[in-house]
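Q: Could you take a close look at one residue in this protein for me? I'd like to know where it sits and what surrounds it, and then how the rest of the chain looks.

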Amino acid sequence: MGVKTLMPGCSAGGLHVDYPYWAMDPGKPVSPALMMQVIWMMEPFSKENGGTWVAPGSQRYQTHVDKSRFAEEAIQLQGNAGDVVISHELRY
């Protein structure tokens with residue numbers, strides 16, 4: 001498990017993929033899920049304090065991060081302390 005803490009006033013982080021989907025062997029099973037990620041909001045996530053950006057459905061891209069596509073499809077997570085975001089990898 002890793003923790004990333006960004007302090008007030010820090011610069012924006014770069015885009016990244018949490019799993020190299022393009023490198024996966026298509027012969028691997030799709031069920032059960034091959035990985036899962038959980039983001040626990042220890043503090044509120046808001047637009048004002050820089051909540052994490054995600055692109056729903058991007059696990060299906062099966063390619064490197066495309067900055068222009070991400071900019072079009074991304075949403076900024078918002079929630080209260082104690083909320084969680086759970087995502088898992090699916091192959092279609």
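A: Let's start with Ser 46, which has a relative accessibility of 16%. The cut-off for buried is under 20%, so Ser 46 counts as buried. Keep in mind that this is a predicted model.

As for where it is, Ser 46 belongs to a loop, the one that runs between strand E1 (36-40) and strand E2 (53-54). Leaving aside residues up to four places away in sequence, the contacts of Ser 46 are Gly 51, Gln 76, Leu 77 and Gln 78.

Now for the confidence. Over the protein chain, the average pLDDT is 76, and 65% of the residues score at least 70.

Stepping back to the fold, the protein chain has 1 helix and 4 strands, and going along the sequence they come in the pattern β-β-α-β-β. Of the contacts in the protein chain with a separation of 6 or more, 72% link residues 24 or more positions apart.

And the surface? The protein chain has 92 residues, and 20% of them are buried; Ser 46 counts as buried too.

Key
Residues numbered from 1 in each chain as written. Predicted model: local features only at pLDDT ≥ 70, side-chain atom pairs only at ≥ 80, totals over all residues. Heavy atoms only, no water. Helix = DSSP H or I, 4+ residues; strand = E, 2+ residues; numbered from the N terminus. Buried < 20%, exposed > 50% of the residue type's maximum accessible area, 1.4 Å probe, protein only. Contact = heavy atoms within 4.5 Å. pLDDT = per-residue confidence, 0-100.
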